[in-house]
Amino acid sequence: MTQTLGDPARHFWMTRSVARVMGLNLSEEMHTGRLEPAQYAQMVTCCRGCALVEACEGWLGSQTGIASLPPPGCRNAALLSQLKRPH
């Protein structure tokens, strides 16, 4: 069974946006070595395969501060939560 992946640009920005709402800067995480470029690419690919795009966009639109957790059902929740932990 082949999975259809969503638009790469859309999911690139969604991945960055979820991280930003959580207080994370993925570019800075790569600069410090806490996130490898291949991991970042995999995050976007995981996001592209998610069926919860509209729910995620709704979650992003409703955030007014720093979120402690990613949206429910986020396929990148484990890695985002790991990056959120203090170094």
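Author: A term to settle at the outset is burial: a residue is buried under 20% relative accessible area, exposed over 50% and partly exposed in between, using a 1.4 Å probe and protein chains only. By that scale Arg 34, at 23% relative accessibility, counts as partly exposed. The model is predicted, so local features need pLDDT of at least 70 and side-chain atom pairs count only at pLDDT 80 or more, while totals for chains, interfaces and linings use all residues. Residues are numbered from 1 along each chain as its sequence is written, and side-chain values use heavy atoms, with hydrogens and water left out.

Reader: What does Arg 34 pair with in a salt bridge?
Author: The partner is Glu 29, and the two side chains meet at 3.2 Å, N to O, where a salt bridge is a side-chain nitrogen of Lys or Arg within 4 Å of a carboxyl oxygen of Asp or Glu. Glu 29 counts as buried, at 8% relative accessibility.

Reader: How many salt bridges does the structure hold?
Author: There are two salt bridges. Helices here are DSSP runs (H or I, at least four residues), numbered from the N terminus.

Reader: Staying with H4, which of its residues are buried?
Author: The buried residues of H4 are Val 53, Cys 56, Trp 59 and Leu 60. Seen down the axis of H4, they fall within an arc of 120 degrees, so they line one face of the helix; the arc is taken from the directions from the helix axis to the C-beta atoms. On the other side of H4, Glu 54, Ala 55 and Gly 61 are exposed.

Reader: And what do those buried residues pack against?
Author: They pack against H1, where contact means heavy atoms within 4.5 Å.

Reader: Which residues touch the most other members of the largest nonpolar core?
Author: Among its 21 residues, those are Val 18, Leu 26, Leu 35 and Leu 80. The elements that give two or more residues to this core are H1, helix H3 (37-48), helix H4 (53-62) and helix H5 (77-84). A nonpolar core is a set of buried Ala, Val, Leu, Ile, Met, Phe, Trp, Tyr and Cys residues joined through side-chain atoms within 4.5 Å.

Reader: What is Leu 80 in contact with?
Author: Leaving aside neighbours within four places in sequence, Leu 80 is in contact with Val 18, Ala 19, Met 22, Leu 24, Met 43, Pro 70 and Cys 74.

Reader: Where is Cys 46, and what does it touch?
Author: Cys 46 is in helix H3, and, apart from neighbours within four places in sequence, it is in contact with Arg 75 and Asn 76. The C-alpha atoms of Cys 46 and Thr 15 are separated by 9.4 Å, although the two residues are 31 apart along the chain.

Reader: Then Thr 15: is it buried or exposed?
Author: Thr 15 is buried, with a relative accessible area of 5%, and lies in helix H1 (residues 8-21). Not counting residues up to four places away in sequence, Thr 15 touches Leu 26, Tyr 40, Met 43, Val 44, Cys 47 and Asn 76.

Reader: Changing topic, which residues form the aromatic cluster?
Author: Phe 12, Trp 13 and Tyr 40 form one cluster, and the structure holds two aromatic pairs. The rings of Phe 12 and Trp 13 have centres 4.9 Å apart and planes at 80 degrees, so this pair is edge-to-face. Rings of Phe, Tyr and Trp (its six-membered ring) pair if their centres lie within 6.5 Å, with planes under 30 degrees apart counted as stacked, over 60 as edge-to-face and the rest as tilted.
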